[in-house]
Amino acid sequence: MLFEVWAPHAQDRVELWLEGARREMRPDGVLAGWWRTEASADDGARYGFLLDDGPLLPDPRSRRQPDGPDGPSAAVSPDAYVWRHDDWPGPGLAGAVLYELHVGTYTHEGTLDAAAARLGELAELGITHVELMPVCPFPGTHGWGYDGVSPWAVHEPYGGPEALKRFVDTAHGLGLGVVLDVVHNHLGPSGNHLPSFGPYFTDTHHTPWGSAVNLDAPGSDEVRAYFRESALSWLRDYRMDGLRLDAVHALADGRALTFLEELSTAVDALAADLRRPLFLIAESDLCDPRTTRPREEGGLGLHAQWNDDFHHALHTALTGESRGYYADFARAPLAALAKTLGHVFFHDGTYSTFRGRSHGRPVDVTRTPAHRFLGYAQTHDQIGNRALGDRLSSHLPPGLLACAAALVLTGPFTPMLFMGEEWGARTPWQFFTDHPDPELAEAVRQGRRREFAAHGWAAEDIPDPQDPATRERSCLDRSERERDPHARLLAWHRELIALRRGQPDLADPDLAAVRVAYDEEARWFVFRRGDLRVAVNLGKDPAAIGLGGRGGRVLAAWGDVRPPGEDGRLLLPAESCAVLADG
(Lines give C-alpha, C1' and ligand atoms only; values in the text may rest on other atoms or scores of the structure.)
Protein backbone atom coordinates (compact mmCIF):
# COMPACT_ATOMS: atom_id res chain seq x y z
CA MET A 1 0.00 0.00 0.00
CA LEU A 2 1.33 3.42 -0.95
CA PHE A 3 1.49 6.03 1.80
CA GLU A 4 2.14 9.59 0.67
CA VAL A 5 1.85 13.06 2.16
CA TRP A 6 2.50 16.63 1.09
CA ALA A 7 4.56 18.08 3.93
CA PRO A 8 6.72 20.99 2.72
CA HIS A 9 7.00 22.25 6.31
CA ALA A 10 9.09 19.21 7.25
CA GLN A 11 12.72 20.31 7.58
CA ASP A 12 14.63 17.02 7.49
CA ARG A 13 12.49 13.93 7.72
CA VAL A 14 9.02 12.44 7.60
CA GLU A 15 8.18 9.06 9.09
CA LEU A 16 5.20 6.79 8.66
CA TRP A 17 3.82 5.45 11.93
CA LEU A 18 1.91 2.23 11.25
CA GLU A 19 0.44 0.18 14.10
CA GLY A 20 3.26 1.30 16.41
CA ALA A 21 6.12 0.76 13.94
CA ARG A 22 8.03 3.67 12.35
CA ARG A 23 9.27 3.74 8.77
CA GLU A 24 11.31 6.41 6.99
CA MET A 25 9.61 8.09 4.04
CA ARG A 26 11.46 9.24 0.93
CA PRO A 27 11.10 12.70 -0.62
CA ASP A 28 9.71 12.64 -4.14
CA GLY A 29 12.39 13.41 -6.67
CA VAL A 30 10.08 15.46 -8.88
CA LEU A 31 7.17 16.85 -6.85
CA ALA A 32 8.43 19.26 -4.21
CA GLY A 33 7.20 18.67 -0.67
CA TRP A 34 5.85 15.16 -1.29
CA TRP A 35 7.04 12.17 0.78
CA ARG A 36 6.27 8.52 -0.01
CA THR A 37 6.76 4.96 1.15
CA GLU A 38 5.10 1.58 0.72
CA ALA A 39 3.99 -0.77 3.49
CA SER A 40 1.55 -3.60 3.99
CA ALA A 41 -1.60 -2.50 5.87
CA ASP A 42 -4.89 -4.23 6.55
CA ASP A 43 -8.21 -2.44 6.37
CA GLY A 44 -8.59 -0.48 9.63
CA ALA A 45 -4.85 -0.40 10.44
CA ARG A 46 -3.98 2.74 12.41
CA TYR A 47 -1.35 5.05 10.93
CA GLY A 48 -0.10 8.62 10.90
CA PHE A 49 2.93 10.76 10.15
CA LEU A 50 5.73 12.24 12.25
CA LEU A 51 7.46 15.37 10.94
CA ASP A 52 11.01 16.01 12.22
CA ASP A 53 10.42 13.76 15.26
CA GLY A 54 7.36 15.78 16.21
CA PRO A 55 4.05 14.41 17.51
CA LEU A 56 2.00 11.82 15.64
CA LEU A 57 -0.34 13.55 13.20
CA PRO A 58 -3.29 12.13 11.23
CA ASP A 59 -3.09 11.91 7.45
CA PRO A 60 -4.39 15.13 5.80
CA ARG A 61 -6.10 12.88 3.24
CA SER A 62 -7.37 10.39 5.81
CA ARG A 63 -10.48 8.47 4.78
CA ARG A 64 -11.26 7.47 8.35
CA GLN A 65 -10.62 8.92 11.83
CA PRO A 66 -11.97 6.20 14.15
CA ASP A 67 -10.70 7.92 17.31
CA GLY A 68 -11.67 11.45 16.35
CA PRO A 69 -9.85 14.30 14.58
CA ASP A 70 -6.81 14.18 16.89
CA GLY A 71 -6.28 10.41 16.76
CA PRO A 72 -4.40 8.35 14.19
CA SER A 73 -5.92 7.66 10.81
CA ALA A 74 -7.17 4.24 9.71
CA ALA A 75 -6.48 2.55 6.39
CA VAL A 76 -9.59 2.09 4.23
CA SER A 77 -9.83 -0.45 1.46
CA PRO A 78 -11.52 1.33 -1.47
CA ASP A 79 -13.05 -1.88 -2.79
CA ALA A 80 -14.31 -3.35 0.49
CA TYR A 81 -17.88 -2.16 0.00
CA VAL A 82 -19.89 -4.04 -2.64
CA TRP A 83 -22.39 -1.69 -4.26
CA ARG A 84 -25.88 -3.05 -4.88
CA HIS A 85 -27.00 -0.46 -7.43
CA ASP A 86 -24.24 -0.24 -10.01
CA ASP A 87 -26.65 0.81 -12.74
CA TRP A 88 -27.70 4.05 -11.02
CA PRO A 89 -28.29 6.59 -13.84
CA GLY A 90 -28.29 9.63 -11.59
CA PRO A 91 -31.10 12.21 -11.78
CA GLY A 92 -30.07 15.67 -12.95
CA LEU A 93 -30.92 18.93 -11.24
CA ALA A 94 -33.68 20.00 -13.64
CA GLY A 95 -36.97 18.78 -12.16
CA ALA A 96 -35.44 18.04 -8.76
CA VAL A 97 -37.01 18.49 -5.33
CA LEU A 98 -34.34 18.61 -2.61
CA TYR A 99 -34.56 17.77 1.08
CA GLU A 100 -31.95 19.13 3.50
CA LEU A 101 -31.13 16.56 6.20
CA HIS A 102 -28.88 16.64 9.26
CA VAL A 103 -27.77 13.12 10.16
CA GLY A 104 -27.39 13.81 13.88
CA THR A 105 -30.97 15.04 14.42
CA TYR A 106 -33.00 13.39 11.67
CA THR A 107 -33.37 10.49 14.12
CA HIS A 108 -32.66 10.26 17.84
CA GLU A 109 -29.99 7.62 17.08
CA GLY A 110 -28.16 10.23 15.01
CA THR A 111 -26.50 7.80 12.60
CA LEU A 112 -26.39 7.30 8.86
CA ASP A 113 -27.88 3.82 9.16
CA ALA A 114 -30.81 5.13 11.21
CA ALA A 115 -31.39 7.89 8.65
CA ALA A 116 -31.17 5.40 5.77
CA ALA A 117 -33.94 3.33 7.35
CA ARG A 118 -36.26 6.36 6.97
CA LEU A 119 -35.45 7.19 3.35
CA GLY A 120 -38.56 5.39 2.11
CA GLU A 121 -40.62 8.20 3.65
CA LEU A 122 -38.86 10.72 1.42
CA ALA A 123 -39.23 8.64 -1.72
CA GLU A 124 -42.95 8.28 -1.00
CA LEU A 125 -43.20 12.06 -0.45
CA GLY A 126 -41.79 12.66 -3.94
CA ILE A 127 -38.36 13.98 -2.99
CA THR A 128 -35.73 13.43 -5.70
CA HIS A 129 -32.51 14.30 -3.82
CA VAL A 130 -31.44 14.23 -0.18
CA GLU A 131 -28.98 17.00 0.67
CA LEU A 132 -26.85 15.84 3.60
CA MET A 133 -25.35 18.48 5.84
CA PRO A 134 -21.56 18.05 6.34
CA VAL A 135 -20.37 14.62 7.47
CA CYS A 136 -16.62 15.24 7.92
CA PRO A 137 -15.12 14.52 11.36
CA PHE A 138 -15.46 17.15 14.08
CA PRO A 139 -14.69 17.10 17.83
CA GLY A 140 -17.17 15.28 20.05
CA THR A 141 -20.25 13.40 18.96
CA HIS A 142 -22.88 15.98 18.01
CA GLY A 143 -22.66 19.22 16.05
CA TRP A 144 -23.84 20.92 12.90
CA GLY A 145 -20.77 19.72 11.00
CA TYR A 146 -19.50 23.08 9.73
CA ASP A 147 -16.52 22.95 12.08
CA GLY A 148 -15.31 19.73 10.50
CA VAL A 149 -11.74 18.76 9.69
CA SER A 150 -10.31 15.91 7.57
CA PRO A 151 -12.33 16.79 4.45
CA TRP A 152 -11.78 13.33 2.96
CA ALA A 153 -13.24 11.41 5.94
CA VAL A 154 -16.64 10.63 7.49
CA HIS A 155 -17.57 11.42 11.10
CA GLU A 156 -17.16 8.18 13.05
CA PRO A 157 -20.18 8.64 15.38
CA TYR A 158 -22.32 8.83 12.21
CA GLY A 159 -20.99 5.40 11.22
CA GLY A 160 -17.84 6.20 9.24
CA PRO A 161 -17.17 5.70 5.53
CA GLU A 162 -18.92 2.33 5.15
CA ALA A 163 -22.13 3.74 6.64
CA LEU A 164 -22.09 6.65 4.20
CA LYS A 165 -21.77 4.21 1.29
CA ARG A 166 -24.68 2.18 2.67
CA PHE A 167 -26.74 5.38 2.93
CA VAL A 168 -26.03 6.39 -0.67
CA ASP A 169 -26.66 2.85 -1.91
CA THR A 170 -29.99 2.67 -0.08
CA ALA A 171 -31.02 6.07 -1.43
CA HIS A 172 -30.18 5.07 -4.99
CA GLY A 173 -32.17 1.89 -4.59
CA LEU A 174 -35.19 4.03 -3.72
CA GLY A 175 -34.64 6.34 -6.67
CA LEU A 176 -33.19 9.16 -4.53
CA GLY A 177 -30.08 11.12 -5.44
CA VAL A 178 -27.72 12.28 -2.69
CA VAL A 179 -26.08 15.71 -2.44
CA LEU A 180 -23.35 16.36 0.15
CA ASP A 181 -22.68 19.72 1.79
CA VAL A 182 -18.91 20.37 1.79
CA VAL A 183 -16.95 23.17 3.44
CA HIS A 184 -13.91 24.60 1.65
CA ASN A 185 -13.80 28.07 3.20
CA HIS A 186 -12.42 27.04 6.60
CA LEU A 187 -11.71 24.10 8.88
CA GLY A 188 -12.76 23.75 12.50
CA PRO A 189 -10.92 25.43 15.38
CA SER A 190 -10.13 22.08 17.00
CA GLY A 191 -8.51 19.06 15.35
CA ASN A 192 -7.14 20.94 12.35
CA HIS A 193 -3.56 19.73 11.86
CA LEU A 194 -3.07 20.92 8.28
CA PRO A 195 -0.85 23.94 9.21
CA SER A 196 1.77 21.51 10.56
CA PHE A 197 2.18 20.01 7.09
CA GLY A 198 2.20 22.97 4.74
CA PRO A 199 0.80 26.39 3.74
CA TYR A 200 -2.83 25.35 3.69
CA PHE A 201 -3.80 28.74 5.16
CA THR A 202 -2.59 32.27 4.46
CA ASP A 203 -2.63 35.60 6.26
CA THR A 204 -2.87 37.32 2.90
CA HIS A 205 -6.64 37.27 3.45
CA HIS A 206 -8.74 37.07 6.58
CA THR A 207 -12.18 35.54 6.96
CA PRO A 208 -14.70 35.37 9.84
CA TRP A 209 -12.83 32.20 10.89
CA GLY A 210 -9.33 33.74 10.82
CA SER A 211 -6.63 33.07 8.23
CA ALA A 212 -8.03 32.16 4.84
CA VAL A 213 -7.68 28.84 3.05
CA ASN A 214 -4.73 29.38 0.74
CA LEU A 215 -6.14 29.55 -2.77
CA ASP A 216 -3.83 32.18 -4.25
CA ALA A 217 -0.64 32.54 -2.17
CA PRO A 218 2.60 30.52 -2.57
CA GLY A 219 1.86 26.80 -2.28
CA SER A 220 -1.77 27.27 -3.35
CA ASP A 221 -1.51 24.87 -6.31
CA GLU A 222 -1.29 21.93 -3.92
CA VAL A 223 -3.96 23.36 -1.61
CA ARG A 224 -6.35 23.71 -4.53
CA ALA A 225 -5.60 20.15 -5.59
CA TYR A 226 -6.26 18.98 -2.03
CA PHE A 227 -9.79 20.40 -1.93
CA ARG A 228 -10.53 19.63 -5.57
CA GLU A 229 -9.58 15.97 -5.19
CA SER A 230 -11.55 15.76 -1.94
CA ALA A 231 -14.66 16.99 -3.78
CA LEU A 232 -14.13 14.52 -6.62
CA SER A 233 -13.67 11.65 -4.18
CA TRP A 234 -17.16 12.21 -2.72
CA LEU A 235 -18.65 12.07 -6.22
CA ARG A 236 -16.55 9.15 -7.44
CA ASP A 237 -15.87 6.93 -4.43
CA TYR A 238 -19.11 7.56 -2.51
CA ARG A 239 -21.21 7.97 -5.66
CA MET A 240 -22.74 11.27 -4.63
CA ASP A 241 -24.86 12.98 -7.25
CA GLY A 242 -23.88 16.52 -6.35
CA LEU A 243 -22.20 18.77 -3.82
CA ARG A 244 -23.44 21.86 -2.03
CA LEU A 245 -20.52 24.30 -1.57
CA ASP A 246 -20.76 26.23 1.69
CA ALA A 247 -20.38 30.03 1.61
CA VAL A 248 -18.38 30.35 -1.59
CA HIS A 249 -18.34 34.13 -1.12
CA ALA A 250 -15.86 33.49 1.73
CA LEU A 251 -13.33 31.83 -0.59
CA ALA A 252 -10.61 34.47 -0.90
CA ASP A 253 -9.15 33.86 -4.33
CA GLY A 254 -7.38 36.49 -6.41
CA ARG A 255 -6.06 34.25 -9.16
CA ALA A 256 -7.16 34.72 -12.77
CA LEU A 257 -8.44 31.15 -12.94
CA THR A 258 -10.43 30.72 -9.76
CA PHE A 259 -10.68 27.59 -7.66
CA LEU A 260 -14.41 27.37 -8.35
CA GLU A 261 -13.80 27.37 -12.12
CA GLU A 262 -11.20 24.64 -11.69
CA LEU A 263 -13.60 22.61 -9.58
CA SER A 264 -16.57 22.96 -11.94
CA THR A 265 -14.33 21.97 -14.87
CA ALA A 266 -13.13 18.87 -13.01
CA VAL A 267 -16.67 17.88 -11.98
CA ASP A 268 -17.96 18.23 -15.54
CA ALA A 269 -15.09 16.05 -16.76
CA LEU A 270 -15.86 13.41 -14.10
CA ALA A 271 -19.55 13.43 -15.07
CA ALA A 272 -18.59 12.75 -18.68
CA ASP A 273 -16.26 9.95 -17.58
CA LEU A 274 -18.87 8.34 -15.29
CA ARG A 275 -21.68 8.94 -17.80
CA ARG A 276 -24.07 10.32 -15.22
CA PRO A 277 -25.03 13.89 -14.29
CA LEU A 278 -23.11 15.55 -11.46
CA PHE A 279 -23.69 19.06 -10.19
CA LEU A 280 -22.41 21.75 -7.83
CA ILE A 281 -24.77 23.99 -5.84
CA ALA A 282 -23.27 27.13 -4.37
CA GLU A 283 -24.27 28.97 -1.26
CA SER A 284 -23.38 32.54 -2.16
CA ASP A 285 -24.18 35.87 -0.52
CA LEU A 286 -23.14 37.87 -3.58
CA CYS A 287 -26.36 37.86 -5.65
CA ASP A 288 -24.07 37.42 -8.64
CA PRO A 289 -25.37 35.56 -11.72
CA ARG A 290 -21.77 34.86 -12.77
CA THR A 291 -21.73 32.15 -10.09
CA THR A 292 -23.89 29.92 -12.28
CA ARG A 293 -23.11 31.37 -15.69
CA PRO A 294 -21.34 28.87 -17.98
CA ARG A 295 -17.54 29.15 -18.02
CA GLU A 296 -17.48 29.79 -21.76
CA GLU A 297 -19.62 32.89 -21.11
CA GLY A 298 -17.31 34.23 -18.40
CA GLY A 299 -18.98 32.58 -15.41
CA LEU A 300 -17.76 30.15 -12.78
CA GLY A 301 -19.71 27.26 -14.29
CA LEU A 302 -21.42 26.11 -11.08
CA HIS A 303 -24.71 24.44 -11.80
CA ALA A 304 -27.00 26.15 -9.27
CA GLN A 305 -27.04 28.42 -6.25
CA TRP A 306 -29.21 28.98 -3.19
CA ASN A 307 -31.46 32.05 -3.49
CA ASP A 308 -31.66 33.64 -0.06
CA ASP A 309 -33.40 36.70 -1.51
CA PHE A 310 -36.46 34.57 -2.35
CA HIS A 311 -36.38 33.19 1.19
CA HIS A 312 -36.16 36.65 2.76
CA ALA A 313 -39.05 37.97 0.68
CA LEU A 314 -41.20 34.95 1.50
CA HIS A 315 -40.27 35.07 5.20
CA THR A 316 -41.19 38.73 5.60
CA ALA A 317 -44.45 38.21 3.69
CA LEU A 318 -45.38 35.37 6.04
CA THR A 319 -44.15 36.77 9.36
CA GLY A 320 -43.82 40.55 9.08
CA GLU A 321 -40.31 40.39 10.54
CA SER A 322 -38.20 43.42 9.66
CA ARG A 323 -34.95 43.24 11.62
CA GLY A 324 -31.46 42.96 10.14
CA TYR A 325 -31.30 41.77 6.55
CA TYR A 326 -35.11 41.47 6.43
CA ALA A 327 -35.53 45.27 6.59
CA ASP A 328 -35.42 46.02 2.85
CA PHE A 329 -37.74 43.12 2.04
CA ALA A 330 -40.24 44.02 4.76
CA ARG A 331 -41.04 47.48 3.38
CA ALA A 332 -43.24 45.89 0.71
CA PRO A 333 -42.91 42.12 1.13
CA LEU A 334 -45.26 41.06 -1.68
CA ALA A 335 -43.50 43.39 -4.09
CA ALA A 336 -40.21 41.84 -2.99
CA LEU A 337 -41.66 38.36 -3.49
CA ALA A 338 -42.88 39.32 -6.96
CA LYS A 339 -39.45 40.63 -7.91
CA THR A 340 -37.61 37.52 -6.74
CA LEU A 341 -40.05 35.16 -8.49
CA GLY A 342 -39.64 36.94 -11.80
CA HIS A 343 -36.08 38.26 -11.58
CA VAL A 344 -34.39 35.95 -9.01
CA PHE A 345 -32.51 38.52 -6.91
CA PHE A 346 -34.15 41.33 -4.96
CA HIS A 347 -30.76 42.98 -4.59
CA ASP A 348 -29.70 43.17 -8.22
CA GLY A 349 -27.77 46.40 -7.94
CA THR A 350 -30.13 48.03 -5.44
CA TYR A 351 -29.13 49.59 -2.14
CA SER A 352 -28.90 47.15 0.77
CA THR A 353 -29.61 48.81 4.11
CA PHE A 354 -28.13 45.84 5.97
CA ARG A 355 -24.82 46.13 4.08
CA GLY A 356 -24.80 49.91 3.81
CA ARG A 357 -24.09 49.80 0.07
CA SER A 358 -25.46 48.71 -3.28
CA HIS A 359 -25.49 44.98 -3.76
CA GLY A 360 -26.01 42.35 -6.43
CA ARG A 361 -26.34 42.19 -10.19
CA PRO A 362 -29.33 41.42 -12.45
CA VAL A 363 -29.94 37.93 -13.81
CA ASP A 364 -30.60 37.69 -17.54
CA VAL A 365 -33.86 35.79 -17.20
CA THR A 366 -34.14 35.31 -20.95
CA ARG A 367 -31.04 33.10 -20.96
CA THR A 368 -30.87 31.57 -17.46
CA PRO A 369 -33.03 28.51 -16.66
CA ALA A 370 -34.98 28.71 -13.42
CA HIS A 371 -33.66 25.40 -12.07
CA ARG A 372 -30.25 27.02 -11.54
CA PHE A 373 -31.65 28.69 -8.41
CA LEU A 374 -32.96 26.95 -5.29
CA GLY A 375 -36.08 28.29 -3.62
CA TYR A 376 -37.03 27.52 -0.02
CA ALA A 377 -39.00 28.75 2.97
CA GLN A 378 -36.65 27.28 5.60
CA THR A 379 -33.06 26.01 5.81
CA HIS A 380 -30.69 24.97 8.59
CA ASP A 381 -29.20 28.49 8.55
CA GLN A 382 -32.47 30.39 8.60
CA ILE A 383 -33.77 28.31 11.51
CA GLY A 384 -30.65 27.44 13.48
CA ASN A 385 -29.13 30.92 13.41
CA ARG A 386 -32.16 32.32 15.20
CA ALA A 387 -31.75 32.73 18.95
CA LEU A 388 -34.10 29.86 19.82
CA GLY A 389 -33.84 27.85 16.60
CA ASP A 390 -37.57 28.31 16.08
CA ARG A 391 -39.24 27.10 12.88
CA LEU A 392 -42.02 28.90 11.03
CA SER A 393 -44.42 26.35 12.51
CA SER A 394 -43.86 27.76 15.98
CA HIS A 395 -45.36 31.12 14.91
CA LEU A 396 -47.60 30.55 11.90
CA PRO A 397 -50.99 28.83 11.59
CA PRO A 398 -51.25 25.78 9.30
CA GLY A 399 -52.85 27.82 6.53
CA LEU A 400 -49.82 30.08 6.14
CA LEU A 401 -47.48 27.06 6.25
CA ALA A 402 -49.57 25.63 3.41
CA CYS A 403 -49.21 28.90 1.48
CA ALA A 404 -45.44 28.80 1.95
CA ALA A 405 -45.38 25.24 0.61
CA ALA A 406 -47.41 26.26 -2.44
CA LEU A 407 -45.10 29.16 -3.27
CA VAL A 408 -41.99 26.98 -2.94
CA LEU A 409 -43.21 23.78 -4.57
CA THR A 410 -45.04 25.32 -7.54
CA GLY A 411 -42.62 28.21 -8.05
CA PRO A 412 -40.06 28.43 -10.85
CA PHE A 413 -36.99 27.58 -8.75
CA THR A 414 -35.69 24.15 -7.77
CA PRO A 415 -37.53 23.63 -4.47
CA MET A 416 -35.86 22.53 -1.26
CA LEU A 417 -37.40 21.55 2.08
CA PHE A 418 -35.68 21.40 5.45
CA MET A 419 -36.25 18.14 7.31
CA GLY A 420 -39.58 18.05 9.12
CA GLU A 421 -40.93 21.04 7.22
CA GLU A 422 -43.21 18.74 5.23
CA TRP A 423 -45.35 18.06 8.30
CA GLY A 424 -44.89 21.41 10.04
CA ALA A 425 -42.58 19.98 12.71
CA ARG A 426 -42.78 21.94 15.96
CA THR A 427 -39.41 20.78 17.25
CA PRO A 428 -36.81 23.58 17.12
CA TRP A 429 -33.48 23.20 15.36
CA GLN A 430 -31.00 24.90 17.63
CA PHE A 431 -27.28 25.57 17.53
CA PHE A 432 -25.45 22.78 19.38
CA THR A 433 -21.83 21.70 19.80
CA ASP A 434 -19.88 19.04 21.67
CA HIS A 435 -16.39 20.48 22.06
CA PRO A 436 -14.24 18.37 24.44
CA ASP A 437 -11.93 21.36 25.03
CA PRO A 438 -13.50 23.24 27.98
CA GLU A 439 -12.00 26.59 26.98
CA LEU A 440 -13.33 26.34 23.44
CA ALA A 441 -16.70 25.16 24.74
CA GLU A 442 -16.97 28.18 27.03
CA ALA A 443 -15.88 30.55 24.27
CA VAL A 444 -18.60 29.20 21.97
CA ARG A 445 -21.19 29.43 24.75
CA GLN A 446 -20.33 33.03 25.62
CA GLY A 447 -19.99 34.04 21.97
CA ARG A 448 -23.51 32.82 21.28
CA ARG A 449 -24.87 34.79 24.23
CA ARG A 450 -23.04 37.98 23.23
CA GLU A 451 -24.32 37.70 19.66
CA PHE A 452 -27.95 37.72 20.75
CA ALA A 453 -27.52 40.11 23.68
CA ALA A 454 -26.98 42.77 21.02
CA HIS A 455 -30.55 42.05 19.87
CA GLY A 456 -32.06 42.28 23.34
CA TRP A 457 -31.95 38.63 24.41
CA ALA A 458 -31.13 37.73 28.02
CA ALA A 459 -28.21 35.31 28.37
CA GLU A 460 -30.28 32.77 30.29
CA ASP A 461 -32.79 32.57 27.42
CA ILE A 462 -30.19 31.43 24.87
CA PRO A 463 -29.89 27.61 24.71
CA ASP A 464 -26.48 26.36 25.85
CA PRO A 465 -24.83 24.85 22.74
CA GLN A 466 -22.86 22.41 24.91
CA ASP A 467 -25.88 21.08 26.82
CA PRO A 468 -26.86 17.65 25.39
CA ALA A 469 -30.49 18.67 25.83
CA THR A 470 -30.06 21.33 23.12
CA ARG A 471 -29.29 18.66 20.54
CA GLU A 472 -31.99 16.37 21.92
CA ARG A 473 -34.64 19.11 21.54
CA SER A 474 -33.57 19.48 17.92
CA CYS A 475 -34.31 15.87 16.97
CA LEU A 476 -37.45 15.34 14.92
CA ASP A 477 -40.56 13.99 16.65
CA ARG A 478 -42.06 11.61 14.12
CA SER A 479 -45.17 10.99 16.19
CA GLU A 480 -46.35 14.41 14.97
CA ARG A 481 -46.82 12.98 11.48
CA GLU A 482 -49.79 10.91 12.59
CA ARG A 483 -51.94 13.72 13.96
CA ASP A 484 -53.41 16.94 12.61
CA PRO A 485 -52.54 19.53 11.56
CA HIS A 486 -49.24 17.77 10.80
CA ALA A 487 -50.79 14.88 8.88
CA ARG A 488 -52.80 17.31 6.74
CA LEU A 489 -49.67 19.38 5.99
CA LEU A 490 -47.78 16.23 5.05
CA ALA A 491 -50.55 15.25 2.62
CA TRP A 492 -50.52 18.78 1.20
CA HIS A 493 -46.77 18.66 0.51
CA ARG A 494 -47.19 15.25 -1.12
CA GLU A 495 -50.00 16.60 -3.31
CA LEU A 496 -48.01 19.66 -4.41
CA ILE A 497 -44.90 17.63 -5.28
CA ALA A 498 -47.01 15.22 -7.33
CA LEU A 499 -48.61 18.19 -9.08
CA ARG A 500 -45.19 19.64 -9.85
CA ARG A 501 -44.12 16.35 -11.36
CA GLY A 502 -47.33 15.88 -13.34
CA GLN A 503 -47.85 19.38 -14.76
CA PRO A 504 -45.38 20.37 -17.52
CA ASP A 505 -46.04 24.08 -16.90
CA LEU A 506 -44.56 23.72 -13.41
CA ALA A 507 -41.35 22.38 -14.92
CA ASP A 508 -40.99 25.26 -17.38
CA PRO A 509 -37.49 26.75 -16.92
CA ASP A 510 -38.45 30.08 -18.54
CA LEU A 511 -38.18 32.76 -15.86
CA ALA A 512 -39.23 35.46 -18.32
CA ALA A 513 -42.62 33.76 -18.70
CA VAL A 514 -43.55 34.10 -15.00
CA ARG A 515 -46.36 36.64 -14.49
CA VAL A 516 -47.27 38.05 -11.08
CA ALA A 517 -50.10 40.09 -9.54
CA TYR A 518 -50.63 41.03 -5.89
CA ASP A 519 -52.32 43.38 -3.45
CA GLU A 520 -49.99 44.47 -0.67
CA GLU A 521 -52.81 45.71 1.56
CA ALA A 522 -55.23 42.82 1.06
CA ARG A 523 -52.27 40.37 1.23
CA TRP A 524 -53.14 38.21 -1.75
CA PHE A 525 -50.61 37.08 -4.34
CA VAL A 526 -51.03 35.29 -7.69
CA PHE A 527 -48.47 34.09 -10.20
CA ARG A 528 -48.96 32.42 -13.55
CA ARG A 529 -46.90 29.61 -15.04
CA GLY A 530 -48.16 28.68 -18.48
CA ASP A 531 -51.83 27.73 -18.19
CA LEU A 532 -51.62 27.40 -14.41
CA ARG A 533 -52.12 30.01 -11.74
CA VAL A 534 -51.13 29.79 -8.10
CA ALA A 535 -53.09 32.01 -5.73
CA VAL A 536 -52.38 32.56 -2.04
CA ASN A 537 -54.21 34.65 0.52
CA LEU A 538 -51.90 35.52 3.42
CA GLY A 539 -54.49 37.78 5.00
CA LYS A 540 -56.88 37.16 7.87
CA ASP A 541 -59.93 38.01 5.72
CA PRO A 542 -61.30 36.34 2.59
CA ALA A 543 -60.06 37.82 -0.67
CA ALA A 544 -61.84 38.32 -3.99
CA ILE A 545 -59.17 38.10 -6.69
CA GLY A 546 -59.85 39.04 -10.28
CA LEU A 547 -58.11 36.45 -12.44
CA GLY A 548 -59.58 37.53 -15.77
CA GLY A 549 -61.11 35.15 -18.30
CA ARG A 550 -63.86 32.72 -17.43
CA GLY A 551 -64.02 29.68 -15.26
CA GLY A 552 -61.06 27.47 -14.50
CA ARG A 553 -60.42 24.26 -12.61
CA VAL A 554 -59.06 23.90 -9.10
CA LEU A 555 -56.25 21.35 -9.24
CA ALA A 556 -55.29 21.59 -5.57
CA ALA A 557 -56.39 23.76 -2.68
CA TRP A 558 -55.89 24.34 1.02
CA GLY A 559 -59.30 25.27 2.30
CA ASP A 560 -62.72 25.31 0.70
CA VAL A 561 -61.92 26.91 -2.64
CA ARG A 562 -64.43 26.94 -5.48
CA PRO A 563 -63.54 27.55 -9.15
CA PRO A 564 -63.66 31.19 -10.32
CA GLY A 565 -67.07 32.47 -11.31
CA GLU A 566 -68.17 33.62 -14.74
CA ASP A 567 -66.76 37.04 -13.91
CA GLY A 568 -63.30 35.48 -13.43
CA ARG A 569 -63.21 36.31 -9.71
CA LEU A 570 -61.71 33.79 -7.32
CA LEU A 571 -62.97 33.82 -3.73
CA LEU A 572 -60.09 32.70 -1.56
CA PRO A 573 -60.68 32.10 2.17
CA ALA A 574 -58.32 33.64 4.73
CA GLU A 575 -54.90 31.99 4.98
CA SER A 576 -55.50 29.61 2.12
CA CYS A 577 -54.17 28.88 -1.35
CA ALA A 578 -55.05 27.14 -4.59
CA VAL A 579 -53.51 25.94 -7.83
CA LEU A 580 -55.81 26.48 -10.82
CA ALA A 581 -55.81 25.54 -14.49
CA ASP A 582 -57.37 27.63 -17.26
CA GLY A 583 -60.43 26.43 -19.07
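Predicted model: local features only at pLDDT ≥ 70, side-chain atom pairs only at ≥ 80, totals over all residues.
Residues are numbered from 1 along each chain as its sequence is written, and side-chain values use heavy atoms, with hydrogens and water left out.

**View 1**
Helices (H or I, at least four residues) and strands (E, at least two) are DSSP runs, numbered from the N terminus. Most residues other than glycine have a negative phi, and most peptide bonds are trans. D52 is not a glycine, yet its phi is positive, about 50 degrees. D53 is not a glycine either, and its phi is positive at about 60 degrees. Buried means under 20% relative accessible area, exposed over 50%, and partly exposed in between (1.4 Å probe, protein chains only). D52 has 30% relative accessibility, so it counts as partly exposed. D53, with 49% relative accessibility, also counts as partly exposed.

**View 1. A cis peptide bond leads from D484 to P485.**
The omega of this bond is near 5 degrees. To find P485, look in the loop between α14 (468-474) and α15.

**View 2. Three strands form an open sheet in the order β1-β5-β4.**
The pairing in this sheet is antiparallel. Two strands pair if DSSP finds at least two bridges between them. The edge strands, each pairing on one side only, are β1 (2-6) and β4 (26-27). Strand β5 (residues 34-38) is joined to β4 by 2 bridges, and the two run antiparallel. Pick out R26 and you can find its bridge partner, R36, in β5.

**View 3. Helix α4 (residues 160-173) is largely enclosed by the rest of the structure.**
The expected span of a helix is 1.5 Å times one less than its number of residues. For the 14 residues of α4 this should give 20 Å, and the end C-alpha atoms are 20 Å apart, which agrees. Why is α4 described as largely enclosed? The reason is that 10 of its 14 residues are buried. Among them are L164, F167 and V168, as well as K165 and D169. The buried residues of α4 pack against α2 (112-116), α3 (119-125), β10 (129-132), β11 (177-182) and α6 (220-237), where contact means heavy atoms within 4.5 Å. After α4 comes G175, with a positive phi near 85 degrees.

**View 4. The second largest pocket has a volume of about 480 Å³.**
Rolling a probe the size of a water molecule over the atoms shows where empty space is left. On a 1 Å grid over the protein atoms alone, a cavity is a set of points where a 1.4 Å probe fits but cannot get out, and a pocket is an open set with protein on both sides within 12 Å along at least five of seven lines; lining residues have an atom within 4 Å of a point. Grid points are joined across faces, edges and corners, and a volume is the space filled by probe spheres set on the points. This pocket is lined by 21 residues, and the closest to its centre are M1, Y47, R61, R63 and V76. At least two lining residues come from each of β1, β6 (46-51) and α4, with β1 giving the most, 3 residues. The lining has 14 nonpolar, 1 polar and 6 charged residues. Here Ala, Val, Leu, Ile, Met, Phe, Trp, Tyr, Cys and Pro count as nonpolar, Asp, Glu, Lys and Arg as charged, and the others, Gly among them, as polar.

**View 5. The largest cavity holds about 130 Å³ of space.**
Of the 16 residues that line this cavity, C136, G148, P151, V182 and V183 lie nearest its centre. Both β11 and α6 give two or more residues to the lining. By class, the lining of the largest cavity has 9 nonpolar, 5 polar and 2 charged residues.

**View 6. The second largest cavity holds about 90 Å³ of space.**
Its lining has 14 residues, with Q378, L401, E421, G424 and H493 the closest to its centre. Helices α12 (398-409) and α15 (486-502) each supply at least two lining residues, and the largest share, 3 residues, comes from α12.
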